[in-house]
Amino acid sequence: MRRCERSCRSRRRPRTPARRLQQHYGLDREAVEFFDIHEMADAEHSDVGDNIVVRHARDAAMQDRVRDALQHSLDAWWQFFDGIRAAI
């Protein structure tokens, strides 16, 4: 998710997740409106998670918990995208 959020901010990578969904799945602008709105919000808060991890995940056990949580989150996002694909 962090990579997804960061790609929205990068000037070198102007193709946001919404544009990628349109390109790869043929969705129209209205169908990806959620992602356009989400991308705007990400620009405002995308560094918050990094700062929390740096501040609190100081030992190996906590860093392992962060990695596990991140993997769980990524799995959920991919399941979400698979649902979009199945629906179109």
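This report describes the fold, the nonpolar core, the salt bridges and the aromatic pairs of a predicted model.

## Overall fold

The secondary structure of the chain consists of 5 helices and 0 strands. Read from the N terminus, the order of elements is α-α-α-α-α.

The chain has 88 residues, of which 22% are buried. Its exposed surface comes to about 6900 Å², and carbon and sulfur atoms supply 54% of that area.

In soluble globular proteins, nonpolar side chains tend to be buried together. In this model, the largest nonpolar core has 8 residues: Ala18, Leu21, Leu27, Val32, Phe35, Trp77, Phe81 and Ile84. Helix H2 (17-25) and helix H5 (60-87) each supply at least two residues of this core. The most is given by H5, with 3 residues.

Phe35 is one of the core residues. Apart from its neighbours within four places in sequence, Phe35 is in contact with Ala18, Leu21, Trp77, Phe80, Phe81 and Ile84. Phe81, another member of the core, has a relative accessible area of 14% and counts as buried because the limit is under 20%.

## Salt bridges

Side chains of opposite charge can pair when their charged atoms come close. The model contains 3 salt bridges. In one of them, the side chains of Asp36 and Arg19 meet at 3.0 Å, N to O. This pair links distant parts of the chain, since Asp36 lies in helix H3 (residues 33-45) and Arg19 in helix H2, 17 residues apart. Asp36 is buried, at 15% relative accessible area, whereas Arg19 is partly exposed, at 24%.

Asp36 also forms a salt bridge with Arg29, at 3.4 Å from N to O. Arg29 is exposed, with a relative accessible area of 51%. A further salt bridge joins Arg67 and Asp64, at 2.6 Å from N to O. Both of these residues lie in helix H5, 3 residues apart, which is about one turn of the helix. Arg67 is partly exposed at 49% relative accessibility, and Asp64 is partly exposed at 38%. Through shared partners, salt bridges join Arg19, Arg29 and Asp36 into one network.

## Aromatic pairs

A pair of aromatic rings is described by the distance of the centres and the angle of the planes. The structure holds 8 aromatic pairs. One of them is formed by Phe34 and Phe80, with 6.3 Å from centre to centre and 65 degrees between the planes, an edge-to-face arrangement. This pair links distant parts of the chain: Phe34 belongs to helix H3 and Phe80 to helix H5, 46 residues apart. Phe34 is partly exposed, with a relative accessible area of 47%, and Phe80 is partly exposed at 36%.

The rings of Phe80 and Phe81 have centres 5.9 Å apart and planes at 55 degrees, so this pair is tilted. Phe34, Phe35, Trp77, Trp78, Phe80 and Phe81 form one aromatic cluster. Among the members of this cluster, Phe35, Trp77 and Phe81 also belong to the largest nonpolar core.

Key. Residues numbered from 1 in each chain as written. Predicted model: local features only at pLDDT ≥ 70, side-chain atom pairs only at ≥ 80, totals over all residues. Heavy atoms only, no water. Core = buried A, V, L, I, M, F, W, Y, C linked by side-chain atoms within 4.5 Å. Buried < 20%, exposed > 50% of the residue type's maximum accessible area, 1.4 Å probe, protein only. Helix = DSSP H or I, 4+ residues; strand = E, 2+ residues; numbered from the N terminus. Contact = heavy atoms within 4.5 Å. Salt bridge = Lys/Arg side-chain N within 4 Å of Asp/Glu carboxyl O. Areas by Shrake-Rupley, 256 points an atom, 1.4 Å probe, with all protein chains shown as cover. Phe/Tyr/Trp six-rings, centres within 6.5 Å; stacked < 30°, edge-to-face > 60°.
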